[in-house]
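Biologist: Hi! I'm new to this one, could you walk me through it?
Modeller: Happy to, let's bring it up.

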Amino acid sequence: MTDRAGVDADIRPLMGGFPSGVSVVTALDADGRPWGMTCTSLASVALSPPTLVVCLRTGSPTTAGVLRSGQLALNLLHEGAQEVSDLFASGDPRRFARCEWRLPLGAGGPHLTRAAHAVADCAVVGTREVGDHTAVFVRVRGFTCEESVQPLLYGRRRYGSWSRAVAVVREGVGHVGS
């Protein structure tokens, strides 16, 4: 193990060891232009009312769109959507021209129709700026889920497959719980 003490320690190796699902947060700006960014910093805060927190880079145009509009769409990516994750992490200004999306009536932001296994439309209920990120607390207004596809995983700067992880546990190679 490597000791990485200090107030300004780079915590990316620490958090890279905590794999998570992958999402793309989307929003519209005041002119109706779509914005989006890949986000793995997401957590459930409360079941009643249904509240989540997403942590977004403060200087991002997506964050500005979310804060100005007061809403967002949270697209949880399926295990076949690694390219979409990379696209929305790249900052490519043509990202919405390079993937399929739609904007249903009442949506919080664009829905990535072919890349997401679940989409939640959310209203911003609070924010807290911490360092270079803004924790955005959102209330889930509605969501859709597709149970037949599996989530995309990310950790240690690599993508993983839910299906493969489950297969490893079933074969007795891994152990969950104690």
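Biologist: In what order do the seven strands sit in the open sheet?
Modeller: The order is β3-β2-β6-β7-β8-β5-β4, with antiparallel pairing. Strands pair if DSSP finds at least two bridges between them; strands (E, at least two residues) and helices (H or I, at least four) are DSSP runs numbered from the N terminus. β3 (34-39) and β4 (42-46) are at the edges with a single partner strand each, so one side of each has no neighbour in the sheet.

Biologist: Before we go on, what should I know about the model?
Modeller: This is a predicted model, where local features need pLDDT of at least 70, side-chain atom pairs count only at pLDDT 80 or more, and totals for chains, interfaces and linings use all residues. Residues are numbered from 1 along each chain as its sequence is written, and side-chain values use heavy atoms, leaving out hydrogens and water.

Biologist: Over how many bridges do β2 and β6 pair?
Modeller: Four, linking residues 23-28 and residues 71-77 in the antiparallel sense. V24 has N75 in β6 as its bridge partner.

Biologist: Switching topic, which helix is Q82 in?
Modeller: Q82 belongs to helix α3. Helix α3 (residues 82-90) lies across β2, β3 and β6.

Biologist: What does Q82 touch beyond its neighbours within four places in sequence?
Modeller: Q82 is in contact with L152 and Y159, contact meaning heavy atoms within 4.5 Å.

Biologist: And how accessible is Q82?
Modeller: Q82 counts as partly exposed because its relative accessibility is 36%; buried is under 20% relative accessible area, exposed over 50%, and partly exposed in between (1.4 Å probe, protein chains only).

Notes
Axes are lines fitted to C-alpha atoms, for helices over the stretch in contact, and angles run from 0 to 180 degrees between N-to-C directions.
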